[in-house]
Amino acid sequence: MEKFGLSQSNRRAEDPRLLTGQGGYVDDTAPEGSLRAYMLRSTVAHGDVTALDVSEAEGAPGVHLVLTSDAVEAAGLRNHIDTTPADNADGTKGADPNRPLLAKGRVRFVGEGIAMIVADTLEQARDAAELIEVEIDELPVKVDVAVGGAAIHPEAPENEAYRYEKGDEAATEAALKAADRVVTLTVEDNRIICASLEPRGVWAEVEDGRLHVCVNGQGVWGPKGSLADVLGLEKDAIRVTNPDVGGGFGMKAMSYPEMFLVAHAARTLDRPVRWMGDRSEAMLSDNAGRDLIQTAELGFDKDLKLVAYRTTNVANMGAYNSGFAQNIQSELFSKVMPGVYDVQACFMRSVGVFTNTTQVDAYRGAGRPEAIFVLERAMDYAARELDVDRFELRRKSFIKADAFPYLTAMGETYDVGDFDRVLDRALAEGDVAGFDARRAESEGRGKLRGLGACYYIESILGNPSETAEIEFTEDGRVTLYVGTQSNGQGHETVYRQFLATDLGIDAELIDVVQGDSDRIATGGGTGGSRSVTTQGTANRATANKVIEKFSPFVAALLEVEEVAFEDGQFRSTGSNTVMTVMEAAEAARDKGQTQLLKTQERTTLPGRSYPNGCHLCEVEIDRATGQLDVVKYTVVDDFGNLMNPMLAEGQVHGGVAQGIGQAVSEYVVYDEDGQLLTASFMDYGMPRAVSLPMIDFHSEPVPSTANVLGMKGCGEAGTVGAMAAVGNAALDALWDLGLRDVDMPFTPGRVWALLQQAEQPIAAE
């Protein structure tokens, strides 16, 4: 059993199935003979729909149904997708304009759905879409990330979605005024497309009088509630399932119009209906990530200790609230706003604005980079302005190990941490002492070399509650029902490890069931690095309950007063007589004690965990072409206890790749008319293996006290640290040329332009 224990790098149990074409993704699992749905989307960013005639399309070959906003309302549906507006600084709610299932009277971004056509084949649905007559009177377009401009919604005349503030503004202002030095930096956090390997998809059918909706999302209970609200059904009348999901990144946690429309079409036609997005469709209509302009003001005392700081960001919401974006910009900002620094006061202001672009949320593999990004970019910038070692500048302000638990200036309590220890490990593993020699070698080849750092901390939890159920089945196997949903993270592997360790069950006999609202009653889904921590806690509590329930039954079988459970076996004290859990379950079935065969527990974590770590990045820049390459990358993370170190390292590798991608090549571009210019991989620079270095990962754990497993979560950590580390490395490489305004993405064209800017004064002389 040892090889199946926790903290073992077991290979992923999912891989043989997923890598040999046996996965069951949403487009694989649609019922045979399903009708096909196609969405007609706006080609105009902003305008009034003055005419919409679908009559010819309705009579086209193979067409069964054409849905418009009017048709949706005529059918009695609630023509509204719920959002979660943030609170304004004055306590009022931010603007929350209605987002209809299909454009109602006005389109507000290129890609917004105007009509959905359901036909026998996808080709017939597309052909019918060509027959729909749409007339749109174009209106002024707004794409800049700033308050003001042509109004997109009457609820937000200045296009201001919200104005959020957190912290002590007066104390921060006083501390900054009293500071010996204040350093200010403004940076752009560029918009990115999620680009999950599998685009969004959904199918629906009516089975035994109930609606079954299968969607490749990040949980089933949120969609189930939303479907009930929109369709006017009782929740018990709906079953939602998640099949295998090819990447989520937070983007698939939200509700999109297609899910509701397909579900309605299946009910209306009493036929299975399926919709699958293509790549360009995804780029146009999926919620994007980031898109902020941020300013940080850092105040230092005479000893260069950070005493206070203030950040201000203007965040693009897109045409509608995504449902998560505003809370991401507010609550999650405040959770990590103090960073790893011991400061007197801090204050953040976030202003959200609407633009004629697709919705934006703060995810894409990490919901927290924004606050860390601007702070850590500013710390490296300040080190140069103050002429002090960047690592020593951070150390001066670190929260010390003996200060935990630590109440931050934002009111958040960090339970544990040892930031100096993690930094020491990073400096050693990254061979920072040898950087000058590597820089000299690069310069000998005509290249600039820079070293960048980022020390991040993030807050994980989301929904603190989770449910697990363990069932011993008649075929001699065990089924573990979980409330989270894997999008590729390897949950099946880790959860089997939990059960194998806790109950002494052969991992090969354990089946993990997820993503089915009928098979487990509650769950929080996946997002915010919560899954293994919250689900693992529930799994352990359920396993302990199994032991508790079986103990008196086993004691009676063994004819002893009591038994203990050790090393995966029930054992009588002072006796060699033992019984495994599987043997006990078989005996319980034989004796009709079926109440022992199924156990469910729900747990709630008392507090958050705070993974943290140090990223070190080295880049080379070709002076002639502006090509920037990440050539060395080191990560030392404190994730607390690791359940499967290999999977944790894989998560970090993927996260770092995402962060490097955003920093170096990914950049969403809209033109002045709101047309997306980066709507295919020919134009959008996804990172590729050839552009990524080997990523050197190390663990330096300080176990969390906020859960019995001592875990802290790791799913988003790679991205949180990578963006600032790459940005700071680029700044380091270009600093001696007199360049200060060094911003992402570091594409060859942008870097080359910076190099030309640096040479202009020389040319003028």
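Predicted model: local features only at pLDDT ≥ 70, side-chain atom pairs only at ≥ 80, totals over all residues.
Residues are numbered from 1 along each chain as its sequence is written, and side-chain values use heavy atoms, with hydrogens and water left out.

**View 1. Glu207 and Arg239 form a salt bridge.**
Side chains of opposite charge can pair when their charged atoms come close. A salt bridge here is a side-chain nitrogen of Lys or Arg within 4 Å of a carboxyl oxygen of Asp or Glu, and a search of the whole structure finds 51 of them. In this one, the closest N and O atoms of Glu207 and Arg239 are 3.2 Å apart. Glu207 sits in strand 9 (residues 201–207) and Arg239 in strand 11 (residues 238–241), 32 residues apart. Strands (E, at least two residues) and helices (H or I, at least four) are DSSP runs, numbered from the N terminus. Glu207 has 25% relative accessibility and counts as partly exposed, whereas Arg239, at 19%, counts as buried. Buried means under 20% relative accessible area, exposed over 50%, and partly exposed in between (1.4 Å probe, protein chains only).

**View 2. Arg384 pairs with Asp732 in a salt bridge.**
Look for the closest N and O atoms, 2.7 Å apart. Arg384 belongs to helix 11 (residues 369–385) and Asp732 to helix 19 (residues 717–735), so the pair ties together parts that are 348 residues apart in sequence. Arg384 counts as buried at 16% relative accessibility, and Asp732 counts as buried at 8%.

**View 3. Glu618 meets Arg438 in a salt bridge.**
The N to O distance between these side chains is 2.6 Å. Glu618 is in strand 28 (residues 612–622) and Arg438 in helix 14 (residues 435–444), so this pair links distant parts of the chain, 180 residues apart. Both residues are buried.

**View 4. Seven names to find: a salt-bridge network joins Glu376, Asp380, Arg384, Arg390, Arg394, Arg439 and Asp732.**

**View 5. Helix 12 (residues 390–397) is largely enclosed by the rest of the structure.**
Six of its eight residues are buried: Arg390, Phe391, Leu393, Arg394, Arg395 and Ser397. At the start of helix 12, a side-chain oxygen of Asp389 comes to within 2.9 Å of the backbone nitrogen of Phe391.

Key. Polar contact = N/O pair within 3.5 Å; in protein donor to acceptor, adjacent residues only side chain to side chain.
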